[in-house]
Amino acid sequence: MSQGITTDGEYFYTSGSIAALDLVGMAKWTADGFEKVIYTHNAIPQEIKDKYNSDHIGGISYYNGKIYAAVENKAEDYPLVITYDARTLHIVDIFELPNDNLPDGIPWCCVDGENGYLYCSQFNEVNEILAFDLDAMEFSHVIPLSEQVVRIQGGEVYDGILYLSSDIADSNDDKIMTVDVKTGLVKELCTRSLPSMAGNEAEGITVFPME
């Protein structure tokens, strides 16, 4: 059920959903050896499903002991950010985001701890990144992009740069884009090709610093 991925440098955290089986999973793995530490297939409790019809966790991001998860429902009209305790994967807080600028759900979110923001965007034909104040989880501003990016499924901030996973529909070549969060300048970092996986779908992204 892999969809989102993030890391704290010691562990990896993954998320994903199988809608047909009503499973929404989240897991914690060791960075060294990728051994499973914790796993839950009920990361969205029934009371949240009942209230918001939420059925999907997309991109996730780690910051300061918590996992920030982008959570959607089928109608894509109740975008949520749910935080989880990284030690236990238990829910800490639930935040309702305005869907004015998220017409097709919230496929990803990520934390810019240095500047105190959470970033997210709509899924397709993305012309701006939305920034929310991290403490209050209230809308702050938009970052207009220098060019449109498409089908964004994951993001992570590292050293002042936002990295985005762009899924190119019906293609084996998917792109990783970068965004300067101060100027909105978009650049193509690289294309990854998986020719053996016809129509593969690019999902989340994280940054694991190494020497």
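Let's start with a definition: a residue is called buried under 20% relative accessible area, exposed over 50%, and partly exposed in between, using a 1.4 Å probe and protein chains only. By that rule P144 is exposed, because its relative accessible area is 53%.

A word on what you are looking at. This is a predicted model, where local features need pLDDT of at least 70, side-chain atom pairs count only at pLDDT 80 or more, and totals for chains, interfaces and linings use all residues. Residues are numbered from 1 along each chain as its sequence is written, and side-chain values use heavy atoms, leaving out hydrogens and water.

Now, the overall picture. The protein chain has one helix and 16 strands; these are DSSP runs numbered from the N terminus, H or I of at least four residues for helices and E of at least two for strands. Of its 211 residues, 46% count as buried. Along the principal axes, the C-alpha trace spans about 40 × 40 × 35 Å.

Back to P144, which you can find in strand 12, residues 138-149. What does P144 touch, not counting residues up to four places away in sequence? Its partners are N127, E128, T183 and G184, where a contact means heavy atoms within 4.5 Å.

Compare G155, in strand 13, residues 152-158. G155 is buried, with a relative accessible area of 2%. Leaving out residues up to four places away in sequence, G155 touches I60, W108, C109, C110, L162, Y163, L164 and I205. Take W108: it sits 47 residues from G155 in sequence, yet their C-alpha atoms are 6.6 Å apart.

Next, salt bridges. How many does the structure hold? There are four, each being a side-chain nitrogen of Lys or Arg within 4 Å of a carboxyl oxygen of Asp or Glu.

One of them joins R151 and D167, at 2.6 Å from N to O. This pair links distant parts of the chain: R151 is in the loop between strand 12 and strand 13, while D167 is in the loop between strand 14 and strand 15, 16 residues apart. D167 counts as buried, at 2% relative accessibility.

Another pairs D174 with R192, and here the closest N and O atoms are 3.6 Å apart. D174 lies in strand 15 and R192 in strand 16, so the bridge ties together parts 18 residues apart in sequence. D174 is buried at 1% relative accessibility, whereas R192 is partly exposed at 30%.

Finally, R87 bridges to D85 at 2.8 Å between the closest N and O atoms. R87 is exposed at 63%, but D85 is buried at 15%.
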